[in-house]
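Please open the model in your viewer and keep the selection tool at hand. We will go from stop to stop, and at each one you will learn what to pick and what is there.

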Amino acid sequence: MHAINRSDVEDFLFNEADLLDQWRLPEWLTLFTENAKYEVPCTDLPADASSETNLFYIADDRVRLGERVKRLMKRTAHAEFPHSKTSRMVGNVRIRSRNDDEMEVSCVFQTLRTKDGTTDLYFGTSNYRLTTNTESFRIREKRCLLASEGLRPHGRISIVL
Amino acid sequence: MSIVAGSQEYSIRANWKLLTENSIDGYHAATTHATYFDILMSSTDNLASGMGGGFGYDLGNGHAVLEYGAPWGRPVAQWIPGWGEAGKSEIGRLYNNLLERHGKERADRIALKNRNLFIFPNLVVNDIMALTVRTYFPLAPDYMIINAWALAPNDETAWARKYRLNNFLEFLGPGGFATPDDAEALEHCQRGFENSKEALWNDISKGMGKDKPSHNDELQMRAFWTQWNRQMFPAPISSIKGVAA
């Protein structure tokens with residue numbers, strides 16, 4: 001691999017957003033490592049809060065993330081069947097730190113979701129830990145920090161942020 | 001007991017009274033939460049036995065509770081295979097503690113039974129796969145805001161706290177595998193009720209006339225609606241003319 005620069009990271013994140021917008025969730029899941037975490041803390045918690053001692057909105061290990069994907073692909077996942085339409089904007093991508101096999105990356109996200117005549121906006125910052133010793137990046141950790149006050153008016157995170 | 005840090009602050013685009021019904025309805029889970037039960041099947045082997053009997057109780061003044069067997073793991077204190085051997089010994093310790101303090105009958109009730117408790121008009125304390133406290137307020141006829149928290153014993157171990165929160169998030173809250181589908185269902189109900197010229201009534205007569213209504217009857221909903229009706233539409237004061245004079 002050549003020296004990793006920001007546009008490599010951007011390509012990876014843009015591709016991730018595209019997979020999610022296209023509802024290619026099983027493919028999206030392969031971006032994660034076997035011990036990966038996907039977390040969305042409640043908005044009244046500090047950014048580095050632990051999901052083992054604090055109540056989050058979402059605190060998935062890799063097994064539960066797999067269950068989330070399976071669930072969202074089912075007709076019986078009523079909140080997302082038929083699937084909502086989404087449009088994800090990823091920006092302000094920055095490499096925060098790097099070591100031998102991993103880098104920390106942050107970006108801002110704005111995700112629009114439309115269903116049944118209602119459009120909602122989810123926005124905030126995502127912090128990633130990405131492996132760099134693999135053929136392509138893999139996600140070890142993805143933590144989405146919502147910048148909204150709670151989850152109003154959308155009321156739910158039935159999509160993946 | 002304490003509230004765990006982290007507040008789930010969300011909303012549903014439906015009338016607030018629908019969340020009262022949803023919080024204490026003993027029969028919607030199998031269909032509304034089919035995807036959750038799919039997952040539960042792989043982490044538990046007591047689903048069939050657990051979803052058995054239970055009863056609803058009218059506590060007076062609009063308050064109500066239902067108590068019924070738990071098909072899922074409970075942090076106090078029902079182990080499921082998905083929690084492994086470490087979980088088995090921890091849950092066993094918690095159960096033995098209950099046994100010592102309360103005797104078998106009460107210990108089993110605490111450990112193995114769910115309780116969905118409704119405190120009129122807008123407070124819910126559900127002791128289910130975790131312990132949640134939830135309150136909700138209408139901001140418009142078709143929009144409510146909801147605050148929800150996890151309640152937990154102060155002295156539980158790190159393992160127990162972690163698994164409690166893990167169990168909470170599998171089902172509960174706006175990012176869980178169940179609550180988003182509740183919200184979807186209530187929003188669809190709201191749309192239906194907006195056609196109230198066609199259907200003026202919502203039938204909640206299930207279990208009426210039974211000596212002991214079961215948890216999936218509708219006694220608890222009638223307790224709520226009867227009190228709501230009493231307070232919203234009190235009987236006219238017959239001597240109002242005299243008072244005014």
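**Before you start**

This is a predicted model, in which local features need pLDDT of at least 70, side-chain atom pairs count only at pLDDT 80 or more, and totals for chains, interfaces and linings use all residues. Residues are numbered from 1 along each chain as its sequence is written, while chains are lettered from A and ligands numbered from 1 in the order in which they are written.

**Stop 1: chain B as a whole**

Chain B has 9 helices and 8 strands; helices (H or I, at least four residues) and strands (E, at least two) are DSSP runs, numbered from the N terminus. The radius of gyration of chain B, 20 Å, is close to the 18 Å that the globule rule gives for 245 residues, so chain B is as compact as a globular protein of that length. The radius is taken over C-alpha atoms, and the rule is 2.2 Å times the number of residues to the power 0.38. Along the principal axes, the C-alpha atoms of chain B fill a box of roughly 75 × 35 × 35 Å.

How much of chain B is buried? Buried residues are 42% of its 245 residues. A residue is buried if 20 or more other C-beta atoms lie within 10 Å of its own, exposed if 12 or fewer, and partly exposed in between, with C-beta atoms placed from the backbone.

**Stop 2: a helix with a buried face**

Now pick residues 34-43 of chain B, which form helix 3. Its buried residues are Thr35(B), Tyr36(B), Ile39(B) and Leu40(B). Look down the axis of helix 3 of chain B: these buried residues fall within an arc of 140°, so they line one face of the helix.

**Stop 3: neighbouring strands**

Next, highlight strand 3 (54-60) and strand 4 (63-69) of chain B. They run antiparallel and are joined by 6 bridges; two strands pair if DSSP finds at least two bridges between them. For an example, select Gly56(B), whose bridge partner in strand 4 is Leu66(B).

**Stop 4**

Most residues other than glycine have a negative phi, and most peptide bonds are trans. Which residue of the hairpin of strands 3 and 4 of chain B takes a positive phi? Asn61(B) does, at a value near 55°, in a hairpin with 2 residues between the strands. Asn61(B) is exposed, with 12 other C-beta atoms within 10 Å.

In chain A, go to Trp23(A), in the loop between helix 1 (6-21) and helix 2 (25-29). Trp23(A) has a positive phi of about 60° and is partly exposed, with 18 other C-beta atoms within 10 Å.

Cis peptide bonds come next. Another runs from Arg152(A) to Pro153(A), with omega near 10°.

**Stop 5: where the chains meet**

Finally, show both chains. The contact takes 29 residues from chain A and 31 residues from chain B, where residues are in contact if their C-beta atoms, placed from the backbone, lie within 7 Å. On the side of chain A that touches chain B, the largest share, 4 residues, comes from strand 2 of chain A.

Notes:
Arc of directions from axis to C-beta. Contact = placed C-beta atoms within 7 Å.
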